[in-house]
Amino acid sequence: RMFHDDELEESEKFYVGQPRVLLLIYALYNTLVARSEMVCYFVIILNHMISASMITLVLPILIFLWAMLSVPRPSKRFWMTAIVYTEVAIVIKYFFQFGFFPWNKYVDYTKDKPYHPPNIIGIEKKEGYVHYDLVQLLALFFHRSILKCHGLWDEDEKGDSSSNKDDTDDELSLTGGRRDSSASLKSVNLAASVESIHVHFPEQQTAIRRKSSSSKQSEQEMVSVKPCEGCQGRSQISLETLIISHSAFLLFSASYSVVKSHCGLCCFRTLQVYVPIRQFFYNLIHPDYSAVTDVYVLMFLADTVDFIIIVFGFWAFGKHSAAADITSSLSEDQVPEAFLVMVLIQFGTMVVDRALYLKKTVMGKVIFQVILVFGIHFWMFFILPGVTERKFSQNTVAQLWYFVKCVYFGLSAYQIRCGYPTRVLGNFLTKSYNYVNLFLFQGFRLVPFLTELRAVMDWVWTDTTLSLSSWICVEDIYAHIFILKCWRESEKRYPQPRGQKKKKVVKYGMGGMIIVLLICIVWFPLLFMSLIKSVAGITNKPLDVSITITLGGYQPIFTMSAQQSQLKDLNQTGFNAFLGSYRGNTAALQFLEGYGKEDITLADLEGNSNSLWTISPPSREKMIQGLLDFSAEFTVVLSWSIQRTLETVYPYYIKAPSDSLAKPIKQLLTGMYCRWENITVSLVKNVSEEGVREWWVLNQLGKRYKTSEESLELFIFSDKVSPPSLGFLAGYGIMGLYASVVLVIGKFVREFFSGISHSIMFEELPNVDRILKLCTDIFLVRETGELELEEDLYAKLIFLYRSPETMIKWTREKT
């Protein structure tokens with residue numbers, strides 16, 4: 001107990017004895033302190049999502065192209081830039097809140113215009129204009145205080161040396177691996193920035209001090225030199241290289257006066273900005289060492305989440321589709337342009353990202369990151385508001401999509417900073433052999449065309465001597481062997497003693513689930529068609545009820561329609577009385593059981609025709625003769641949705657199904673409860689100075705709701721219809737669902753249960769470790785560039801599957 005301290009021990013005991021809630025608060029605070037830079041990033045991105053202006057756009061771009069790419073951490077210059085920029089932004093926003101600016105006089109009119117200049121810049125007048133900026137500034141100062149506490153804030157910058165500084169104040173370290181990117185974006189010595197000198201010796205490091213005098217102060221620089229294999233025994237040449245580099249710097253400094261006098265100070269200032277940025281990205285692409293990591297899976301998941309957001313929220317990226325959904329649009333055979341463009345862009349970026357990952361090119365990833373960061377921000381904050389005609393801050397789906405894309409940018413920056421892995425072996429789901437990986441891998445293979453697309457992309461962007469068919473063969477064998485390996489490992493974890501029957505948990509768990517699944521598949525169409533209208537059905541009330549009566553095919557004698565107030569709903573009392581009138585009629589009650597009071601509409605049609613009877617005189621005389629001849633048949637045709645020759649006269653109840661065919665309800669119009677009502681038809685003649693006008697008047701006898709005026713009553717029973725989002729599925733009917741669901745799924749189920757005997761040789765393998773290792777060896781030699789060995793191992797794998805005897809020897813249990 002050399003370092004025992006009683007106070008520290010007492011402090012530890014006191015901390016452990018605190019309540020759990022307080023310990024949780026301590027843990028959260030420690031997490032906040034440990035990830036304070038992530039808190040700053042999150043607040044900056046959140047501020048930009050809420051404000052969505054040019055003022056707040058700068059810092060997010062600097063985060064993804066500077067801070068997150070810095071090694072090992074963002075420099076003091078970045079944090080000072082962020083703090084000063086935030087303070088300046090707060091002052092600018094405060095200054096433009098005064099009412100004497102012209103654009104602040106019509107705030108209510110211009111606040112929702114996305115292309116209003118103050119809204120784009122971020123200087124519009126609004127409530128709480130600076131709240132998020134203050135929170136952002138608070139987070140930055142919090143992170144600054146943490147860096148100060150750990151001694152990570154004060155940095156020695158070049159060009160700031162004074163007489164009281166040590167020789168190490170202006171040190172350019174090239175020995176300790178990768179250069180510190182904190183000095184990459186400073187106004188460094190141009191000689192060191194333009195000419196990055198790597199001087200190497202065989203076994204030892206040499207420190208060379210070189211001094212240069214000036215009129216004000218002396219500057220000492222220490223260059224640590226590291227040996228390399230290509231420059232062994234060439235120390236004199238390396239020293240000359242240093243001298244030449246220093247001479248080049250002196251020459252450049254001497255020519256500065258000429259540049260200043262002729263070309264002006266602008267060119268030199270441009271070089272002061274360009275050279276450090278170029279050096280920053282050069283050091284990023286050509287590191288001395290890399291902490292290799294692989295976050296492609298996380299980037300792929302982020303892209304997948306963005307893809308799902310686009311599919312289910314595509315309306316947020318279009319102009320006139322705010323109330324639409326993808327199912328209703330696809331049911332109408334319409335592909336929204338916004339949905340198509342977003343899906344293609346998202347899918348294209350995923351393909352490019354996969355190609356860069358397979359080629360392991362950091363330079364391509366850096367270029368892709370820069371293009372994507374600028375392109376996404378330009379599109380989301382300058383193009384999208386014009387397309388949707390609403391501000392980005394009012395588009396919740398677009399904000400969610402942008403936030404997930406920011407997570408992707410952060411992961412990409414981390415991948416660039418650490419470098420790509422040297423070897424990519426197999427699928428990320430095949431790293432362990434358990435049930436979770438097994439089911440996830442099989443689900444991955446069930447996605448249409450995903451496995452094929454991945455295999456073809458891997459073949460295109462991976463160095464190999466195999467043909468595409470051979471590549472796909474290896475991938476299929478590897479996937480099959482991996483699945484078998486998972487089953488063999490599960491059998492080892494949960495062994496089944498010999499001669500013992502299966503447990504009921506296994507039988508009812510697995511078998512019962514399969515039974516329920518098969519029953520659901522078989523009876524799903526009936527259940528769907530039954531529940532979709534009874535539970536989720538929407539009442540489809542008529543908007544217009546029209547009646548047309550024709551005598552014997554002549555000119556219609558009566559036309560009338562009912563709309564709006566003439567279409568009445570039954571209240572509960574009237575509905576109960578209506579049901580009571582059919583008590584004892586089983587057929588009628590069975591029909592009425594499927595309807596509620598909200599499904600019944602009473603149409604009150606006026607008895608006077610709404611059009612004059614414009615029959616020609618010859619047709620009029622012929623019709624009169626037909627009516628006077630009692631021995632001849634004279635039909636009366638009543639038309640509502642269709643034309644139908646009536647055996648009686650007037651149907652009182654009509655069923656309006658989900659299709660266009662309306663028909664009388666026979667259950668309510670038969671037997672003692674028959675409500676085929678008679679109507680009186682009379683011709684009204686009006687003689688005036690304008691001439692003789694005639695029209696027909698109809699009056700229904702035996703109306704349920706008595707009225708003194710001539711009128712017609714008609715009860716319409718409206719069937720419920722499917723919701724619009726499911727109409728495309730229910731529109732095919734039961735037979736369509738059976739054909740598309742039961743038969744298709746049944747085919748896959750049948751393939752699972754049939755043909756097992758043909759695959760016994762490749763399924764019943766006791767030990768697949770040797771085959772799995774052979775597949776892994778193929779992947780490994782491919783990554784190392786041993787292409788001839790790849791061909792030999794592939795030939796060995798094919799021979800193994802062609803030889804049953806060899807397969808038996810290879811898959812025996814290890815003894």
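Start with pLDDT, the predictor's confidence in each residue, from 0 to 100. The protein chain has a mean pLDDT of 75, and 73% of its residues reach 70 or more. This is a predicted model, so local features need pLDDT of at least 70 and side-chain atom pairs count only at pLDDT 80 or more, while totals for chains, interfaces and linings use all residues. Residues are numbered from 1 along each chain as its sequence is written, and side-chain values use heavy atoms, with hydrogens and water left out.

**Stop 1**

Select residues 156-248. Here pLDDT stays under 50. Contact means heavy atoms within 4.5 Å, and the model has 140 contacts beyond four places in sequence for residues 156-248. Now select residues 641-647, where pLDDT also stays under 50. For residues 641-647 the model has 18 contacts beyond four places in sequence. Where pLDDT is low, the predicted coordinates should not be read in detail.

**Stop 2: the largest nonpolar core**

Two terms come first. Buried means under 20% relative accessible area, exposed over 50%, and partly exposed in between, using a 1.4 Å probe and protein chains only. A nonpolar core is a set of buried Ala, Val, Leu, Ile, Met, Phe, Trp, Tyr and Cys residues joined through side-chain atoms within 4.5 Å.

Select Phe64, Trp79, Phe317, Met380, Phe392, Trp401 and Tyr402. These have the most contacts inside the largest nonpolar core, which has 70 residues. Which helix gives the most to this core? Helix 17 (residues 396-418) does, with 11 residues. Helices (H or I, at least four residues) and strands (E, at least two) are DSSP runs, numbered from the N terminus. Next, colour domain 1 (13-150) and domain 2 (285-420). Both give residues to this core, so it lies between them. Domain bounds come from an automatic or database domain assignment.

**Stop 3: a second core**

A second, separate core has 23 residues, among them Ile549, Met560, Leu567 and Leu698. Select Leu567, in strand 5 (residues 567-569). Is Leu567 buried or exposed? Leu567 counts as buried because its relative accessibility is 15%.

**Stop 4: Arg488**

Move to helix 20 (residues 468-493) and pick Arg488. Arg488 has a relative accessible area of 14%, so it is buried. Arg488 and Pro766 lie 278 residues apart in sequence and 7.3 Å apart in space, C-alpha to C-alpha. Leaving aside neighbours within four places in sequence, Arg488 is in contact with Glu763, Leu765 and Pro766.

**Stop 5: Thr86**

Thr86 sits in helix 5 (residues 76-95). At 1% relative accessibility, Thr86 is buried. Not counting residues up to four places away in sequence, Thr86 touches Leu59, Asp133, Gln136, Leu137 and Leu140.
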